[in-house]
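Take a look at the model below.

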Amino acid sequence: MLKNIVVIGAGTMGNGIAHTFAQKNFKVTLVDVKKENLEKGLATISKNLDRMVAKEKISEDDKNKTLENIILSTDLNEVTKTADLIVEAATENLDLKIKIFKQMDEFAPENCILATNTSSISITQIAASTTRPEKVIGMHFMNPVPIMKLVEIIKGYSTSKETFNSIFELSKTLDKTPTEVNDYPGFVANRILMPMINEAIETLYNGVAGVEEIDTVIKLGMAHPMGPLQLADFIGLDVCLAILNVMHDGFKNPKYAPNPLLVNMVMAGKKGVKSGEGFYDYSESKKAEKVSKAFLK
């Protein structure tokens, strides 16, 4: 039974994963290199729990128990020594992930499963950096983690059936819907989603329509809850760029090449909600103002 959970990375996905496990009464240690990131992550979890209390989805007692199940730490080596499962949710960067997995592999118990929340990077490649590739697996949660039901369970080339079954069943205990996926760039969700987002950016780049107009067409015409440009802002434009680059490199297909507008926006620091500005303005006014025109010149 996987009881002691370690989540690496206190950002949007990491704190959401920690929240989800803790709410189901798992003991969770949330790890980050910076104490301020941990404090910010815990504050986000608390705020999200407050929303759930206000909507009467959980009680105040449920909220307090969830928070009691979370421990914060900056010492990855120490906390991994007693872990049953470690879920890495760091930045979508292969070199960083391999560095973290080597570290986890060195200090974690032999029976510990090492999972990654990567949205596109090869599980097989990550697993090859460890001495336990059979215990490495992809566990790709969707954002916002406490609400979204889907978890892509990605098998690497060497992932054992035992490891897969453990994580598949564990996902069900989190009240998620696990879906088996094989190890190819972008997996299923992002292999389909990112080309759509990239094409929406291409449509804007070509001057076919504006930001709000493109999103309106997709929301009202295809019954999507959010337009692709707004969704890209929430995912993070830097994350979208990283995923497209992984797929472009992996498939050697020009259809996955990121649009120049996306590249320029990320270089300019316009990363979406996280930076306060992307295709929409998320600054003080919080009004949906187009900010991409400057990049189209």
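What follows goes from the whole chain to one annotated position.

This is a predicted model: local features need pLDDT of at least 70, side-chain atom pairs need 80 or more, and totals for chains, interfaces and linings use all residues. Residues are numbered from 1 along each chain as its sequence is written, and side-chain values use heavy atoms, leaving out hydrogens and water.

The protein chain holds 12 helices and eight strands. These are DSSP runs, H or I of at least four residues for helices and E of at least two for strands, numbered from the N terminus. The C-alpha atoms fill a box of roughly 55 × 45 × 35 Å along the principal axes. The radius of gyration is 19 Å, which agrees with the value near 19 Å for a compact globule because the chain has 297 residues. That radius is taken over C-alpha atoms, and the globule rule is 2.2 Å times the number of residues to the power 0.38.

Of the 297 residues, 46% count as buried, meaning under 20% relative accessible area with a 1.4 Å probe, protein chains only. Among contacts (heavy atoms within 4.5 Å) with a separation of 6 or more, 65% join residues 24 or more positions apart.

Now the annotated site. An unreviewed UniProt entry lists "binding site" positions, including Asp-32, Glu-92, Lys-97 and Ser-119. Such annotations may be inferred rather than shown by experiment.

Where is Glu-92 placed? Glu-92 sits in the loop between strand 4 (85–88) and helix 5 (94–107). Glu-92 counts as buried because its relative accessibility is 16%. Leaving aside residues up to four places away in sequence, Glu-92 touches Lys-97, Thr-118, Ser-119, Ser-120, Ile-121 and Ala-242.

Methods
Buried < 20%, exposed > 50% of the residue type's maximum accessible area, 1.4 Å probe, protein only.
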